[in-house]
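My entries follow in the order I worked.

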Amino acid sequence: MFSELIFEPYAAVVDLIRSQARTILMYDDHGGLANMTLFQFMLDTVEDLVSTLEQENPLHGTLLRAQLEDEVPPDDGTAMYPFRASKKILTILVGVMQFQFVVNEVLHDIQTGESLISDKYDTLWEVPMRSILRWDGDGLTTQYHFRSAVDYYHFLLLQFVSGHPAVAWCHCCGRYFIPKTKKKTLYCDRILKDGKTCKEWGPVLKHRQKVAQISVVEEFDRAKRRMYKRYERAEFLNKEPSEKDLSYEEYYQWLDRAVRARDDYLAGKLPAEEALKTIQTP
């Protein structure tokens with residue numbers, strides 16, 4: 001599920017490229033010429049990233065290369081080119097991770113009953129794309145062509161939302177799911193432990209948490225939103241990150257640890273206190 005993907009080691013490489021781009025753009029801020037050696041090293045890093053993705057995640061890798069080819073301007077030989085290209089490359093690389101946060105926010109708002117038609121999502125409900133109407137001998141079919149991973153996931157999100165889905169938040173594992181009936185459903189059907197589902201384990205764990213006056217799952221959900229805010233503050237290239245800001249790599253490393261702590265707690269492998277400590281530590 002796209003909303004639950006952990007972009008590692010992709011995020012680590014993007015952070016490296018981001019650091020390189022920030023250094024290059026410092027020359028622009030001070031009216032100087034770009035360090036062409038560093039710029040070429042950044043381009044080589046991008047090519048290595050795309051080539052690796054094409055092998056390990058063909059969908060993302062293929063669409064990423066297509067978008068870079070389409071949107072990064074050709075070298076015009078001017079002194080400004082490295083600055084313009086660096087900004088555009090970074091915007092493209094971070095796009096899919098930023099869109100994942102948007103998807104999670106949409107799921108959260110559907111689950112809580114918030115309206116999706118608001119200024120908050122002013123530009124979200126349309127996506128430009130190329131489509132082809134094809135006759136196959138029996139009928140007409142529409143084929144959609146994408147040259148960006150964000151556009152592809154954006155299209156899927158619009159398809160999903162147009163069906164007016166009911167989205168629930170599992171009170172056991174903390175993941176979103178689509179309930180099978182209109183009746184209020186607290187637990188999903190994912191296998192949690194010993195071949196049993198959240199629906200079977202949920203009431204037992206809820207009783208344990210009530211007795212202990214803690215909720216690891218709810219704290220995980222709160223912490224995830226807090227950590228996103230810390231990542232969000234570090235988003236601007238012309239701003240030096242503070243100790244409270246999180247890079248992409250730091251966010252996804254924390255998320256990986258927190259998910260494992262939550263899941264190990266639910267599986268009975270980790271005490272609540274240790275799980276909470278891991279979840280609350282960036």
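I started with Phe-83, which sits in helix H4. The model is predicted. Is Phe-83 buried or exposed? I found a relative accessible area of 2% for Phe-83, so this residue counts as buried. I also took a distance from Phe-83.

**Whole chain**

Next I stepped back to the overall layout. I counted nine helices and six strands in the chain. The C-alpha trace spans about 65 × 60 × 40 Å along its principal axes. Of the 282 residues, 41% count as buried. I then looked at contacts with a separation of 6 or more, and 59% of them join residues 24 or more positions apart.

**Core**

Which residues touch the most other members of the largest nonpolar core? I noted Tyr-10, Leu-93, Val-96 and Met-97, out of 81 residues in that core. Helix H4, residues 81–112, gives the largest share of this core, with 16 residues. In general, nonpolar side chains in soluble globular proteins tend to be buried together.

I followed Met-97 further. Leaving aside neighbours within four places in sequence, I found Met-97 in contact with Phe-7, Tyr-10, Ala-11, Val-14, Tyr-248 and Tyr-252.

**Gln-100**

Then I checked Gln-100, also a residue of helix H4. Gln-100 has a relative accessible area of 3%, so I logged it as buried. What does Gln-100 touch, not counting residues up to four places away in sequence? My list reads Phe-2, Ser-3, Glu-4, Leu-5, Phe-7 and Tyr-252. Phe-7 and Tyr-252 were already on my list for Met-97.

**Cavity**

How many cavities of 30 Å³ or more does the structure hold? I found one. The volume of the largest cavity is about 50 Å³. Its lining consists of Tyr-10, His-60, Leu-64, Gln-67, Ile-92, Leu-93, Val-96, Ala-149 and Val-150. Helix H3 (58–71), H4 and helix H5 (149–162) are the elements that give two or more residues to this lining. By class I recorded seven nonpolar, two polar and no charged residues there. Tyr-10, Leu-93 and Val-96 had come up in my core entry too.

**Largest pocket**

I turned to open space. The largest pocket has a volume of about 790 Å³. Its lining has 31 residues, and those nearest the centre are Gln-100, Phe-101, Val-102, Asn-104 and Glu-105. Which element gives the most to this lining? It is H4, with nine residues. H4, H5, helix H7 (216–233) and helix H8 (248–266) each supply at least two. I sorted the lining of the largest pocket into twelve nonpolar, nine polar and ten charged residues.

**Second pocket**

Last, I noted the second largest pocket, with a volume of about 320 Å³. I listed 17 lining residues, with Glu-8, Pro-9, Tyr-10, Leu-53 and Glu-56 nearest the centre. Helix H1 (10–29) and helix H2 (36–56) each supply at least two residues of this lining. The largest share is from H2, six residues. Its classes came out as ten nonpolar, four polar and three charged.

Technical notes. Residues are numbered from 1 along each chain as its sequence is written. This is a predicted model: local features need pLDDT of at least 70, side-chain atom pairs count only at pLDDT 80 or more; totals for chains, interfaces and linings use all residues. Side-chain values use heavy atoms; hydrogens and water are left out. A nonpolar core is a set of buried Ala, Val, Leu, Ile, Met, Phe, Trp, Tyr and Cys residues joined through side-chain atoms within 4.5 Å. Buried means under 20% relative accessible area, exposed over 50%, partly exposed in between (1.4 Å probe, protein chains only). Helices (H or I, at least four residues) and strands (E, at least two) are DSSP runs, numbered from the N terminus. Contact means heavy atoms within 4.5 Å. On a 1 Å grid over the protein atoms alone, a cavity is a set of points where a 1.4 Å probe fits but cannot get out, and a pocket is an open set with protein on both sides within 12 Å along at least five of seven lines; lining residues have an atom within 4 Å of a point. Grid points are joined across faces, edges and corners, and a volume is the space filled by probe spheres set on the points. Ala, Val, Leu, Ile, Met, Phe, Trp, Tyr, Cys and Pro count as nonpolar, Asp, Glu, Lys and Arg as charged, and the others, Gly among them, as polar.
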